[in-house]
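Here is a short briefing for a first look. Open the sequence and the 3D view, then read on.

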Amino acid sequence: MGGFQQAIEAAIPALRRYARALTRNGELADDLVQDTLVRALRSEHLFHGGDIRSWLYTILTNLNRNRLRALARRPVLQAIDDNDAPELAGPEAGARDIERALASLVEDQRSALLLVVLEGLTYREVAEVQGVPIGTVMSRLARARMQIKAYLDGERPPLRRVK
Amino acid sequence: MIDRYPPVTEEELHAYVDGELAADRRDAVEAWLASHPEDAARVAQWRAQADAIRARFGMLASEPVPARLNLDKLARGARSWRAIAAAAVVVAFLAGGAVGWMAHGASAAAPSRFDTFTAQALDAHGVYVVEVRHPVEVTGSEWPHLIQWLSRRLDYELKIPDLESIGLKLVGGRLLPGPFGPAALCMYEGHSGERFTIYYARTDSPQTAMRYRSADRFAAVYWVERGLAYVVSGPTDRERLLGVSQAAYDQIDKSAAQPR
């Protein structure tokens, strides 16, 4: 196995973690990682050095974005056994809360937040992954954190009370 | 009292939490937080959020990597799908199929087998179920001949299930040009004229779980067993389609269809 493949292989656990947090669905997450790996292996000639991990996060983030776009456009593929976990209590409920709070974010905000706090990327790296200026990354982070707080505080945005 | 430092911005607070703050501003931010409890509370909240996210998802990186993400295998181009245990017929309808859709678009990635076969089966279904006089090439009354003929053309001992027990009569079958060789389509009809089809095509993926897709007028259930892809298509009544697929699966599984 060449150095390129070894570097990809080393990144797989982190990719799975990111994909899982991004999609909140283990099966879907591994599909996404699989497609990312296939794409990366096929595109070795497109990789011109730099941090391979960031490159993989970029592929995965784009694949997921395309997936969401495609879902909005295409007939819906429904899961027959919606494995909605039952309501939980105790520490499990806290885990469930943060998942739900993440689910309430728009995709770019969720991705930015996860890349920073879960994957430990720098703002600059996230800007490269998302293909936006650093300022945009920072405002996505700020909005993500505001939204999560609002969610955990019991509001359920984006619903606004209208008088 | 006048702060000794220029005021701290919200961006700096985030940067402070994320370890991105320029070293020469750290003292300023810490002094600010000491005298601005609301901002200190926000910083604490953001840290708690990050901790919760890491607590929830962090351990996933230490899980063993599933076999289907084995890089050598992927590098050889073999797409290994997650197999289900044939014994436990768990009809797991994977939302994961959605990923295949994405590859279906203009992207360079090859469309998945799921997409290819399901799309073709749904097309064939739509074309032939409306046929009144010529829905099939060989009728169900010639069942032995039908099985023999289609099995020979697909080079696979096909099992054409008997679905009378769930109210479906075999109309017959036909040969189709498939994406990777010949495919077969068998048609069934219910009491009120509703029609279901089972599409068969050889594939190189060994086994998959069942997946469901609904299109405009029809829906389909797809699975792979022992190198043969099956797509059951019918009206978009999910429960009924599931029942038909399960019945077909059970019979095919029982009779253990085998490559020739």
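How many residues lie between E3(B) and E4(B) in their hairpin? There are five, and B:Gly193 in that turn has a positive phi of about 85°. This is a predicted model: local features need pLDDT of at least 70, side-chain atom pairs count only at pLDDT 80 or more, and totals for chains, interfaces and linings use all residues. Residues are numbered from 1 along each chain as its sequence is written, while chains are lettered from A and ligands numbered from 1 in the order in which they are written.

**Chain B overall**

- Chain B holds eight helices and seven strands. Both are DSSP runs numbered from the N terminus (helices are H or I, at least four residues; strands are E, at least two).
- Chain B has 260 residues, and 37% of them count as buried. Buried means that 20 or more other C-beta atoms, placed from the backbone, lie within 10 Å of the residue's own.
- Among contacts in chain B with a separation of 6 or more, 56% link residues 24 or more positions apart. A contact needs C-beta atoms, placed from the backbone, within 7 Å.

**Paired strands in chain B**

- Strand E2 (residues 169–178) of chain B runs antiparallel to strand E3 (residues 181–189) of chain B, with nine bridges between them. Strands pair if DSSP finds at least two bridges.
- B:Gly173 has B:Cys186 in E3(B) as its bridge partner.
- Two residues form the link in the hairpin from E2(B) to E3(B).
- E3(B) also pairs with strand E4 (residues 195–202) of chain B, in the antiparallel sense, over seven bridges.
- Opposite B:Met187 stands B:Thr197 in E4(B).

**Helix packing in chain B**

- Helix H1 (residues 10–17) and helix H3 (residues 37–57) of chain B have axes that come within 10 Å and cross at roughly 40°. The axes are lines fitted to C-alpha atoms over the stretch in contact, and angles run from 0 to 180 degrees between N-to-C directions.
- That angle makes H1(B) oblique to H3(B). Oblique is what remains after under 35 degrees (roughly parallel), over 145 (roughly antiparallel) and 65 to 115 (roughly perpendicular).
- From H1(B), B:Leu13, B:Tyr16 and B:Val17 make the contact.

**Helix H6 in chain A**

- In helix H6 (residues 123–130) of chain A, the buried residues are A:Tyr123, A:Glu125, A:Val126, A:Val129 and A:Gln130.
- These residues lie on the same side of H6(A), because they cover an arc of only 160° around the axis. The arc is taken from the directions from the helix axis to the C-beta atoms.

Key. Buried ≥ 20, exposed ≤ 12 C-beta atoms within 10 Å, placed from the backbone. Contact = placed C-beta atoms within 7 Å.
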